[in-house]
Amino acid sequence: FDDLLTTADIISLHVPSTPRTRHLVSADAFKRMKDGVVIINTARGDVIDTQELIKALKSGKVSAAGLDVLPDEPMLREEAELICSVDCDGHDLRTLVADQVLLRMPNVIVTPHSAFNTQEAIARIAETTLENIKTYLKGVPQNLVATQQNLSPKEQEHA
């Protein structure tokens, strides 16, 4: 990862959102990057520390960003959501505002996170769902979701 940060002209992120990948790209990571790097995030919004990304974009450390995801994307669907009554339903208002700032920066492109929404992908989702129902009814469920409760201690270390 350190080699990537110090040598890459373009960094494209493709990791799941886990406690280990939250803010994987942090202030420290930005410091180690080459000046003028381009960041592309099609993974999950919380993989990048949004406030640090804004600082890096403003300083020129990051010359541009292509974002397919933002940390509190669902909350951004309506501008009115930013004006919260009490606690924004558990969302961090600073992150919501930072997301709004990113949307308006000239060196940032934000695309809708909708890669799943193609005819082929929807067909695969439907086929998988039907197959999951069939195997469940036969008593041999497949594609089970692993939770912390049913992982071994070693598996939990890597989750």
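Is Thr-21 buried or exposed? In this predicted model, Thr-21 has a relative accessible area of 12% and is therefore buried (buried means under 20% relative accessible area, exposed over 50%, partly exposed in between, with a 1.4 Å probe and protein chains only). Residues are numbered from 1 along each chain as its sequence is written, and side-chain values use heavy atoms, without hydrogens and water. Local features need pLDDT of at least 70 and side-chain atom pairs count only at pLDDT 80 or more, while totals for chains, interfaces and linings use all residues.

The protein chain holds six helices and four strands (DSSP runs numbered from the N terminus: helices are H or I with at least four residues, strands E with at least two). From the N terminus, the elements follow the order α-β-α-β-α-β-α-β-α-α. Of the 159 residues, 29% are buried. The accessible surface is about 10600 Å², and carbon and sulfur atoms hold 56% of it (Shrake-Rupley method, 1.4 Å probe; for residues, only the protein chains shown count as cover). Among contacts with a separation of 6 or more, 68% join residues 24 or more positions apart (contact means heavy atoms within 4.5 Å).

The four strands of an open sheet are ordered E1-E2-E3-E4, with parallel pairing (strands pair if DSSP finds at least two bridges between them). E1 and strand E4 (108-110) are the edge strands, each pairing on one side only. The twist averages 10° from one strand to the next (axes are lines fitted to C-alpha atoms, for helices over the stretch in contact; angles run from 0 to 180 degrees between N-to-C directions). Strand E2 (residues 37-41) runs parallel to strand E3 (residues 62-67), and five bridges join them. Within this pair, Ile-39 stands opposite Ala-65 in E3. Helix H3 packs on the sheet and touches E2, E3 and E4. The direction of H3 makes about 135° with that of E3.

H3 spans residues 50-59, and its buried residues include Leu-53, Ile-54 and Leu-57. At the start of H3, a side-chain oxygen of Asp-49 comes within 3.2 Å of the backbone nitrogen of Gln-51.

The largest nonpolar core has 24 residues (a set of buried Ala, Val, Leu, Ile, Met, Phe, Trp, Tyr and Cys residues joined through side-chain atoms within 4.5 Å). Phe-30, Met-33, Ile-39, Leu-53 and Leu-102 have the most contacts inside this core. E1, H2, E2, H3 and E3 each give two or more residues to the core. H3 gives the most, with four residues. Beyond its neighbours within four places in sequence, Ile-39 contacts residues including Ile-11, Leu-13, Phe-30, Met-33, Leu-53 and Ala-65.

Two loop residues were examined individually. Thr-21 lies between strand E1 (10-13) and helix H2 (27-32). The side chain of Thr-21 reaches the backbone oxygen of Pro-16 at 2.6 Å. Leaving out residues up to four places away in sequence, Thr-21 touches Val-15, Pro-16, Asp-46 and Val-47.

Asn-143 sits in the loop between helix H5 (119-137) and helix H6 (153-158). Asn-143 counts as exposed because its relative accessibility is 51%. With residues up to four places away in sequence set aside, Asn-143 touches Thr-128 and Asn-132. The side chains of Asn-143 and Asn-132 make a polar contact at 2.7 Å (a pair of N or O atoms within 3.5 Å; within protein, one must be able to donate a hydrogen and the other to accept it, and residues adjacent in sequence count only if both atoms are side-chain atoms). Asn-143 and Thr-129 are 14 residues apart in sequence, with a C-alpha to C-alpha distance of 9.7 Å.
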